[in-house]
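User: Hi! Could you walk me through this structure? I'll ask things as they come up.
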Amino acid sequence: MDKKYTEINSHFFDKWVDKGWKWGQPVSHEVFEKAKNNDWSMLLTPTKPVPKEWFCEIKNAEILGLASGGGQQMPIFTALGAKCTVLDYSEKQLLSEKEVAKRENYDIKIVRADMTKPLPFEDESFDLIFHPVSNCYIEEVVPVWKECYRILKKGGILLAGLDNGINYIFNDEETMIINKLPFNPLKNKKLYEDSIKNDWGIQFSHTIEEQIGGQLQAGFVLTNIYQDTNGIGRLHEFNVPSFYATRAIKK
């Protein structure tokens, strides 16, 4: 455990992208063109599109994709007229953003940074933060919510995809409960070794107190929420929710 776990995770993401990871496949030119004609949808969690009414007025909005590299959401926001910044710690995910921006001939601010550290933005910089499921790769989430609150403008919106932890208790086949919560490889040597060996990356379960309570603690007002499944696998077949998405605003 000598190397910082977030650095280790960034290399896992790079490797997964090379292997065709679903969340590392950039949108096609056709999808970009459709978005320009207001035909679009976006995911915070595996299967359910975010309701359109959750977004701010996108045209000319300052939008941050937080841990949102991969060329999936930022091109759509750009096609809709937003001014976009994307922050991610994976070089391959950010390379996808650069490639789509070059292909479609638009500008985007690309920032490689570790979201466990203070975010490299001024106070009240953004109208909307789009944060797909990704804080399962960091140990402490409350500091991230505080930073999100700081960099959002008054009335700004935080859209977040969150893991409820249930995936971490099951084996790969989702037939047996084999782990207890909280799931934290930094506090369990065998779990850490298994995480590296099995190509999981270093992941963490988080409680509702950390996820939603953390947003409230940071000062946000929760305005909406929905649940989602994995999209595949046994838990999905039984319609067991494993993710949820939240909409919160900075008053």
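User: Where is threonine 229 placed?
Analyst: Threonine 229 is in the loop between β6 (220–228) and α8 (233–237). Helices (H or I, at least four residues) and strands (E, at least two) are DSSP runs, numbered from the N terminus. This is a predicted model, where local features need pLDDT of at least 70, side-chain atom pairs count only at pLDDT 80 or more, and totals for chains, interfaces and linings use all residues. Residues are numbered from 1 along each chain as its sequence is written, and side-chain values use heavy atoms, with hydrogens and water left out.

User: Is threonine 229 buried or exposed?
Analyst: Threonine 229 counts as buried, because its relative accessibility is 8%. Buried means under 20% relative accessible area, exposed over 50%, and partly exposed in between (1.4 Å probe, protein chains only).

User: Which side chain does the side chain of threonine 229 make a polar contact with?
Analyst: That of histidine 236, at 2.6 Å. A polar atom of the threonine 229 side chain also lies 3.3 Å from the backbone nitrogen of glycine 231. A polar contact is a pair of N or O atoms within 3.5 Å; within protein, one must be able to donate a hydrogen and the other to accept it, and residues adjacent in sequence count only if both atoms are side-chain atoms.

User: And what else does threonine 229 touch?
Analyst: Not counting residues up to four places away in sequence, threonine 229 touches several residues, including Pro46, Thr47, Asn239 and Phe243. Contact means heavy atoms within 4.5 Å.

User: New topic: in what order do the strands of the sheet come?
Analyst: The 7 strands form an open sheet in the order β3-β2-β1-β4-β5-β7-β6, with mixed pairing. Its edge strands, β3 (109–112) and β6, each pair on one side only. Two strands pair if DSSP finds at least two bridges between them. On average, neighbouring strands are turned by 15° against each other, direction ignored.

User: How many bridges join β6 to β7?
Analyst: There are 8 bridges between β6 and β7 (residues 243–250), and the two strands run antiparallel. Asparagine 224 stands opposite arginine 247 in β7.

User: Which helices pack there?
Analyst: Helix α4 (residues 91–104) packs on the sheet, touching β2 (83–88) and β3, and its direction makes about 175° with that of β3. Helix α7 (residues 208–218) lies across β5 (152–163), β6 and β7, at about 155° to β6. Axes are lines fitted to C-alpha atoms, for helices over the stretch in contact, and angles run from 0 to 180 degrees between N-to-C directions.

User: Why do you call α1 largely enclosed?
Analyst: Because 10 of its 14 residues are buried. Among them are Tyr5, Phe12 and Trp16. The buried residues of α1 pack against α4, β3 and α6 (189–197). Isoleucine 8, in α1 (residues 5–18), is buried at 13% relative accessibility. Its C-alpha is 7.7 Å from that of isoleucine 202, 194 residues apart along the chain.

User: What follows α1?
Analyst: Glycine 20, whose phi is positive, near 90°.

User: How many disulfides are there?
Analyst: The count is 0 disulfides, a disulfide being a pair of cysteine sulfur atoms within 2.5 Å. Cysteine 56 is in none; the nearest cysteine sulfur, in cysteine 84, is 10 Å away.
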